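Okay, thanks for coming, everyone. Have a look at the structure on the screen, and I'll walk you through a few of its contacts.

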Amino acid sequence: MRKSSVRATLALLAATVVFAAPARAETTPDAVVKHYAAMAQAKYEDSLATAKSLDAAIDALIAAPSAETLGAAKAAWIAARVPYQQSEVYRFGNPIVDDWEGKVNAWPLDEGLIDYVDASYGTESDQNTLYVANVIANPAIKINGQDVDASKITPELLSETLHEAGEIEANVATGYHAIEFLLWGQDLNGTGPGAGARPYTDFDTTNCTGGNCDRRAAYLKAASELLVSDLEEMVAAWQPEGEATKAVTEDPKAGISAILTGMGSLSYGELAGERMKLGVLLHDPEEEHDCFSDNTHASHLNDAVGIQSAYIGEYVRADGSKMTGPSLSELVAAKDAALDTEMKAKLTKTLDAMNAMANRAETVEAYDQMIGEGNAEGNATVQAAIDGLIDQTKTIERVIASLDLGTIELEGSDSLDNPEAVFQ
């Protein structure tokens, strides 16, 4: 899959070194989880605000398709990824977030469900009967043998009928990556240079390329409206009286466990394993996260920023202001100052490796080129970030033990735990 010429400098700015606040007197678990919830609210508010900016840019593209309006929509998409990726650390420790997340950030997707694809994509899949359904071109489709009226493309059609249709996870019809595909198109360059190169005329009903420009615009707008409404749902959940905030603050010990579950599971199984190591093992551009836009390096970097943020209790908001408050770091330092120092040092080391990877993506080659077969230097750059994530997870486990939190199950990954299974 894919790549992009639009670069994620915003992500690099967001990931500048964050310094831990001075220790506060009598930091309590209750204060820590309340601040953790407040940071969640801020991150989802910023995600919502940038999604609304993206929606406005999509309106402008549809109203007056041009290279400029398409470029502006792409830039708005990349900006919207920064706060959202920094929120992903809330996913694994909070079931409310994990149950919701698939609507907004599911990947990888079988893009032939949505729109036209290159002949090299193929015409069928043993696992997915909707592999090339191309809803944009077909106002009537079959799902599980049943006729479906897709003559009007609406948010409801996308979310209630198409998304994970047939209970197939690759049928991703909504969220950031569906929008990404519609803005960039397929990346047909493998591990060579280049990204998705959808022409703006794919949205121009007067000089239409790709066919069905009106329906393509309708799909893009419906997906954008859904993203905004889904993020509104999560902002509400993290209000002071919202269900997610209540779930994490009612029992402070459980809330601390949620913080560490999110940090450890994102560090190890999800980011180091499924999103990064798998691609290095297979040398497969299909395994990059932002696979149409070539923004993968920035999304991985911002995930790492989010992990550090959850520990030190700091978040740089989209407007540049900084939130600080009672932190897990302070709780750990009160019990074992050396362990806290170790945890912060490992988080910083991982971010250094992530920034090196992101800098390479900005100046040398894209992420999917880095993981290509025979690219020893690129592979090593990605592997250094993976190693940092694995190493910091070991210290996260020691933090869990130091706080007497009992057994916490962190996400694993065959890519790390049983790599031979990947090739079977």
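Let's start with R198, which lies over the face of F181, at 5.2 Å from the ring centre. For a charge to sit over a ring here, NZ of Lys or CZ of Arg has to be within 6 Å of the ring centre and within 35 degrees of the ring normal. R81 does this too, over the face of Y176, at 4.9 Å from the ring centre.

Quick housekeeping: this is a predicted model, local features need pLDDT of at least 70, side-chain atom pairs count only at pLDDT 80 or more, and totals for chains, interfaces and linings use all residues. Residues are numbered from 1 along each chain as its sequence is written, and side-chain values use heavy atoms, with hydrogens and water left out.

Back to F181. Buried or exposed? F181 is buried, with a relative accessible area of 0%; buried means under 20% relative accessible area, exposed over 50%, partly exposed in between, with a 1.4 Å probe and protein chains only. F292 is buried as well, at 0%.

Now the aromatic pairs: the structure holds eight of them. Rings of Phe, Tyr and Trp (its six-membered ring) pair if their centres lie within 6.5 Å, and planes under 30 degrees apart count as stacked, over 60 as edge-to-face and the rest as tilted. Y90 and W238 make an edge-to-face pair, 5.5 Å centre to centre with 75° between the planes. Y90 sits in the loop between α3 and α4, and W238 in the loop between α7 and α8, 148 residues apart. Helices (H or I, at least four residues) and strands (E, at least two) are DSSP runs, numbered from the N terminus. Y90 and W238 are both buried. The rings of F181 and F292 have their centres 5.2 Å apart and their planes at 45°, so that pair is tilted. It links F181 in helix α6 to F292 in the loop between α9 and α10, 111 residues away.

Next, Q186, in the loop between α6 and α7. Q186 is buried, at 15%. What does Q186 touch, leaving aside its neighbours within four places in sequence? Its contacts (heavy atoms within 4.5 Å) include F181, F292, E111 and D118. With E111 there's a side-chain polar contact of 3.4 Å. By polar contact I mean a pair of N or O atoms within 3.5 Å; within protein, one must be able to donate a hydrogen and the other to accept it, and residues adjacent in sequence count only if both atoms are side-chain atoms. A polar atom of the Q186 side chain also lies 2.7 Å from the backbone nitrogen of D118.

On to salt bridges, where a side-chain nitrogen of Lys or Arg is within 4 Å of a carboxyl oxygen of Asp or Glu. How many does a search of the whole structure find? It finds 27. One of them joins D115 and R216, with the closest N and O atoms 2.7 Å apart. D115 is in the loop between α4 and β1 and R216 in helix α7, so the pair ties together parts 101 residues apart in sequence. Both D115 and R216 are buried.

Another salt bridge brings D147 and K142 together at 2.6 Å, N to O. D147 counts as exposed, at 63% relative accessibility.
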